[in-house]
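Here are my notes on the structure. Please read them with the model open beside you.

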Amino acid sequence: MQYTVTYNGATCQLPKLTKNVKKKIEETNQKISNMQIPLDNRMDAMYGFLLESVGEEYLTRALGSADLDEVDMNDVNILYLKITKEYDRPLVEFNRPEMDSESKKVLQDLDKAAKNITVIQQATAK
């Protein structure tokens, strides 16, 4: 399976989701959710995971720097969440219920109606 993350216009292929990668995600999640652990240590844990996952070059492109003291903490958090969400994506898609043909037809009809309304609005605005 292929996993890709894009942040601030920078795209990177992620390593495959091995048992070791999943274990590191779980360890990182435990650290960052434990408010008894100082903020510096929680950020170090998250940033260490990012550095190991995507490398210094990508972090520099995506975050503007590979130095944790120079990057915005929200960028670090968001990139971490985007990576973990990307690893979860195949299972989420697999477990998504399929839409029956009647529901698809209703959605297509609604889409056509919305497009017609847009055309009418544009024509009356002229």
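1. **The loop at Asn 8.** Start with the loop between strand 1 (3-7) and strand 2 (10-14), where Asn 8 is found. Keep in mind throughout that this is a predicted model. Asn 8 is not a glycine, yet its phi is positive, at about 50°. Most residues other than glycine have a negative phi. Is Asn 8 buried or exposed? Asn 8 is exposed, because its relative accessible area is 54% and the cut-off for exposed is over 50%.

2. **Order of elements.** The protein has 2 strands and 4 helices. Read from the N terminus, the order is β-β-α-α-α-α.

3. **Overall dimensions.** What is the radius of gyration of the protein? The value is 21 Å, whereas a compact globule of 126 residues would be near 14 Å. Along the principal axes, the C-alpha atoms fill a box of roughly 60 × 40 × 30 Å.

4. **Burial and surface.** Of the 126 residues, 28% count as buried. The protein exposes about 9,200 Å². Carbon and sulfur atoms supply 52% of that area.

5. **Contacts along the chain.** Take the contacts between residues at least 6 apart in sequence. Of these, 61% join residues at least 24 apart.

6. **Aromatic pairs.** The count comes to 2 aromatic pairs. One of them joins Phe 49 and Tyr 80. Its rings are edge-to-face, with 5.5 Å centre to centre and 80° between the planes. Why does this pair tie together parts that are 31 residues apart in sequence? Phe 49 lies in helix 2 (residues 39-63) and Tyr 80 lies in helix 3 (residues 73-95), so the pair ties those parts together. Both Phe 49 and Tyr 80 are buried. That label requires a relative accessible area under 20%.

7. **Lys 104.** Where is Lys 104 placed? Lys 104 is in helix 4 (residues 101-125). Its relative accessible area is 45%, so Lys 104 is partly exposed. Leu 63 is 41 residues away from Lys 104 along the chain. The C-alpha atoms of Lys 104 and Leu 63 are separated by 40 Å.

8. **Charges.** The protein has 17 positive and 20 negative charges. How far apart are the mean positions of the two sets? The mean positions are 8 Å apart.

Key
Residues numbered from 1 in each chain as written. Predicted model: local features only at pLDDT ≥ 70, side-chain atom pairs only at ≥ 80, totals over all residues. Heavy atoms only, no water. Rg over C-alpha atoms; globule rule 2.2 N^0.38 Å. Buried < 20%, exposed > 50% of the residue type's maximum accessible area, 1.4 Å probe, protein only. Contact = heavy atoms within 4.5 Å. Areas by Shrake-Rupley, 256 points an atom, 1.4 Å probe, with all protein chains shown as cover. Lys, Arg positive; Asp, Glu negative; His and termini not counted. Charge placed at Lys NZ, Arg CZ, Asp CG, Glu CD. Phe/Tyr/Trp six-rings, centres within 6.5 Å; stacked < 30°, edge-to-face > 60°.
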